[in-house]
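Dear colleague,

I am passing on the structure we spoke about, and my notes on it follow below.

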Amino acid sequence: MSIPDEPLKFLARLKARLNRGSASIARDLRTLLRGRKIDEAVLEDLETRLLSADVGVEATGEILADLNRRVARHELDDVDALLNALRDRLSELLAPCEQPLLIGAARPFVVLVVGVNGSGKTTSIGKLAHELRGQGLSVMLAAGDTFRAAAIEQLHIWAERSGSLFSAQQPGADPGAVMFDALKSAQARGVDVLLADTAGRLHSQTHLMEELKKVKRVIARIMPAAPHEVLLVLDANQGQNALAQAQQFHAALGVTGLVLTKLDGTARGGIVVAIARALGLPIRFIGVGEKLEDFGLFDARAFAGALVDGAADERGGAGGAAREARAS
Ligand SMILES: Nc1nc2c(ncn2[C@@H]2O[C@H](COP(=O)(O)OP(=O)(O)OP(=O)(O)O)[C@@H](O)[C@H]2O)c(=O)[nH]1
Ligand SMILES: [Mg+2]
């Protein structure tokens, strides 16, 4: 991701994988609109398409209101003009969320990683550790998920692979105590970034959300400005439920950044627009697969383009996904 030609490759993977679960908005629209002029009926079809892509009622309503005005003024007379306007509107909605994670001056810079079970927290920590190590920063991973022995081992493997320090206790240990020790140790060793893993939990499990708040308090007691980032990892496949998770984790913990994973699966990428519209939180990274290189920065314009066009070329021909499958 930091290597100069990496963003382009990452963008190609995003395009190839984003709409795997369904055809791209553009391909659907071109098929639907062949030979039709842009009128109210066409806009109604577009509305249905956006809703089924998980863009959500509010964002879809805003987009349609804008497009309707422009159609009435005869600014959008053909499919290409309509698709261009759609891409622009989506890009504007996403733009406020394009805010990369900047490692500030605090040492260690503490990142607390939270989310529901299986959303991709530990994997994202591993990928992020790798990226930060590549920037020459020293990193420590803290095994705050003491729920399962396997979770500690999984993080340990990522620490070794990325050349990060590792701080853990026995399975069943108190996550607050793990964080206390890890942070003290990171301070003593002058570590640049401390990435803290936590056990997955449902936003509705009150006692587990209280446990996370306590972990956050323990960190702040040692270092008042920490955690410097509360990173919520969301599985995009969860659709509108991911939005509900984000709202509740944010209310409980004050989330400062998001990671959206599994955009390569059957996820309908429109959920990213719904989340952006509802929360406006920085989207720090997106995940489009399980490998290290499948993790990258969020680029609003590129994402809007990938969402509308997918891997299809401008004429809706053979997609890049097929090309990529043949190439690998
Ligand atoms: N396809 C795909 N798989 C992913 C992505 N990110 C993570 N995964 C996979 O999702 C599964 C769960 O990832 P973990 O990182 O273990 O998730 P977690 O949130 O730590 O899970 P718990 O600790 O059990 O709550 C693993 O098989 C990962 O390889 C992604 O962007 N795309
Ligand atoms: Mg985990």
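His-74 lies in the loop between α4 and α5, and its phi is near 60°, a positive value in a residue other than glycine. Please keep in mind throughout that this is a predicted model. A second residue of this kind is Asp-54, which has a positive phi of about 75° although it is not a glycine, and which sits in the loop between α3 and α4.

Turning to the domains, the assignment for the protein chain gives domain 1 as residues 6-97 and domain 2 as residues 109-299, with their C-alpha centres 32 Å apart. Contact between them involves 22 residues of domain 1 and 24 residues of domain 2. On the side of domain 1 that touches domain 2, at least two residues each come from α1 (6-18), α4 and α5, and α1 gives the most, with six residues. Sorted by class, that side of domain 1 has 13 nonpolar, four polar and five charged residues.

Two cis peptide bonds also deserve a look in the model. One joins Arg-107 and Pro-108, with omega about -5°, and Pro-108 lies in the loop between α5 and β1 (109-114). The other runs from Ala-226 to Pro-227, with omega near -5°, and Pro-227 is placed in the loop between α9 (206-222) and β5 (229-235).

Finally, there is helix α11, which spans residues 270-279 and is largely enclosed by the rest of the structure, because eight of its 10 residues are buried. Those buried residues are Gly-270, Ile-271, Val-272, Val-273, Ala-274, Ile-275, Ala-276 and Arg-277. What do they pack against? Their partners are the helices α3 (40-52), α4 (57-72), α5 (79-94), α10 (240-253) and α12 (300-309), together with the strand β6 (257-261). After α11 comes Gly-280, whose phi is positive, near 65°.

With best wishes

Terms used
Residues numbered from 1 in each chain as written. Chains lettered and ligands numbered in written order. Predicted model: local features only at pLDDT ≥ 70, side-chain atom pairs only at ≥ 80, totals over all residues. Buried ≥ 20, exposed ≤ 12 C-beta atoms within 10 Å, placed from the backbone. Helix = DSSP H or I, 4+ residues; strand = E, 2+ residues; numbered from the N terminus. Contact = placed C-beta atoms within 7 Å. Domains from an automatic or database assignment. Nonpolar A, V, L, I, M, F, W, Y, C, P; charged D, E, K, R; others polar.
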